[in-house]
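I opened this model to look up a few local features. My notes follow in the order I took them.

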Amino acid sequence: MQTGRIPCVLVVALLAGAAVAAQTQPRKLKIHISVDMEGIAGVVTGEQLGPTGFEYARFREFMTREALAAVTAAKAAGATEIIVADAHGNGQNLLIEQFPNDVRIIRSWPRRLGMVAGIDEQVDAAIFIGYHAGTNNTTGVRAHTFSSATLTRVALNGVNVTEGSWNAAIAGHYNVPVVMMSGDDAAIAEVRKAVGNIEAAETKRNLGFHSANTLTPQASAELIGQRVRAGLGRLPELKPLKVSGPVVIEVSFKNYMAAEILAYLPLFERTDSHSIRFRAKDMAEASMVMNFIGEYRPDITP
Ligand SMILES: [Zn+2]
């Protein structure tokens, strides 16, 4: 029928219009970049890692340069939204004025989800820059987990974690895959063992806790850019690290008192003189408990 053909033509036109709109509308690609400092090229001792170190001011620049390399590469790979979390020391290391205007930066502590604060189901991919090996690793520059001053072991379901594998499991809770990391060779090997063969930029080879054979800052930044592009290119194939709940977390402290006092609470079971164990319904809850353990002091101000 003649009358029936008009709507048919309209439908075809509408479908064609929708297809054009879908092609021209940029696909959303939200990236979270967590930036630590021990794995930045050239970092070997405390002299680079905090405001009292004689090289800290320059190494903030290098840390910023490596983070910016990841930002630039993510944008080149199609990122439409980028969150950068300053995840080292006082959380106020990155030189924020050097970042493009459309990047959001998360600073200082305490904050929910710690080093990966800002991550949620809206994020499409996570990137770890400047990461280091865990505290139970016999190798790795400045190897520690969360706090070198207070913790000697953190384990998830019986397996020792590194900050990289812990944060990958938090990202996985929100269905976010880690696509790329940078750090020394020990840090990369540890995270790959937990999450699989993600892209990685080896910024240096560890020669000991306080020594390394390192790339220059510029070479490291260039390598990071290449590997971020490669990682985002593999996004369809890289899977989130899913750790199904409930999860069991074990924490060992350098000293006695934290384990003794935490065990007053029914949540915590004291497993030896320096250690406690707790159960959480998932990684998000486990992260909150770990934040509490790390941050709470009765004299905390303001
Ligand atoms: Zn760290």
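**Entry 1: helix α5**

I began with helix α5, residues 217-233, which has 17 residues. From its first C-alpha to its last I get 24 Å, close to the 24 Å expected at 1.5 Å a residue. I am reading a predicted model here.

Which residues of α5 are buried? I list Ser220, Ala221, Leu223, Ile224, Gly225, Val228, Gly231 and Leu232.

**Entry 2: helix α2**

Gly78 follows α2. I noted a positive phi for Gly78, near 105°.

**Entry 3: the zinc ion**

Which protein atoms are donors of the zinc ion? I find Asp36 (OD), His132 (NE2) and Glu163 (OE). They lie 1.9 to 2.1 Å from the ion. In sequence I write the spacing of the donor residues as D-x95-H-x30-E.

Asp36 is in the loop between β1 and α2, and His132 is in the loop between β4 and β5 (151-156). These parts are 96 residues apart in sequence, so the pair ties them together. Are Asp36 and His132 buried or exposed? Both are buried.

**Entry 4: Val44**

I stayed in the loop between β1 and α2, where Val44 also lies. Val44 and Gly140 are 96 residues apart along the chain, yet I get 9.9 Å between their C-alpha atoms. I left aside the neighbours of Val44 within four places in sequence. The contacts I then list for Val44 are Val141, Arg142, Phe209, His210, Ser211 and Ala212.

**Entry 5: salt bridges**

How many salt bridges does the structure hold? I count 13. I looked up several of them.

Glu81 and Lys30 meet through their side chains, at 3.5 Å from N to O. This pair links distant parts of the chain: Glu81 is in strand β2 (residues 81-86) and Lys30 is in strand β1, 51 residues apart. Glu81 has 37% relative accessibility, so I log it as partly exposed. Lys30 has a relative accessible area of 10%, so I log it as buried; the cut-off for buried is under 20%.

Arg277 and Glu269 form another salt bridge, with their closest N and O atoms 3.0 Å apart. Arg277 counts as partly exposed because its relative accessibility is 28%. Glu269 is also partly exposed, with a relative accessible area of 42%.

Lys281 and Asp282 meet at 3.8 Å, N to O. I log Lys281 as exposed, at 56% relative accessibility. Asp282 is buried, with a relative accessible area of 15%.

**Entry 6: a surface patch**

Last, I looked for nonpolar residues on the surface. Tyr256, Met257, Ile261, Tyr264, Leu265 and Leu267 form a nonpolar patch there. Together I get about 650 Å² of accessible area for them. Where does Tyr256 sit? I place Tyr256 in the loop between β10 (247-253) and α6 (257-262).

Notes
Residues are numbered from 1 along each chain as its sequence is written. This is a predicted model: local features need pLDDT of at least 70, side-chain atom pairs count only at pLDDT 80 or more; totals for chains, interfaces and linings use all residues. Side-chain values use heavy atoms; hydrogens and water are left out. Helices (H or I, at least four residues) and strands (E, at least two) are DSSP runs, numbered from the N terminus. The expected span of a helix is 1.5 Å times one less than its number of residues. Buried means under 20% relative accessible area, exposed over 50%, partly exposed in between (1.4 Å probe, protein chains only). Donors are N, O and S atoms within 2.8 Å of the metal (3.2 Å for Na, K and Ca); water is not among the atoms, so sites may look incomplete. Patches are made of residues with over 30% relative accessible area and no salt bridge: like charges are joined within 9 Å, nonpolar side chains (Val, Leu, Ile, Met, Phe, Trp, Tyr) within 5 Å. Accessible areas come from the Shrake-Rupley method with a 1.4 Å probe; for residues, only the protein chains shown count as cover. A salt bridge is a side-chain nitrogen of Lys or Arg within 4 Å of a carboxyl oxygen of Asp or Glu. Contact means heavy atoms within 4.5 Å.
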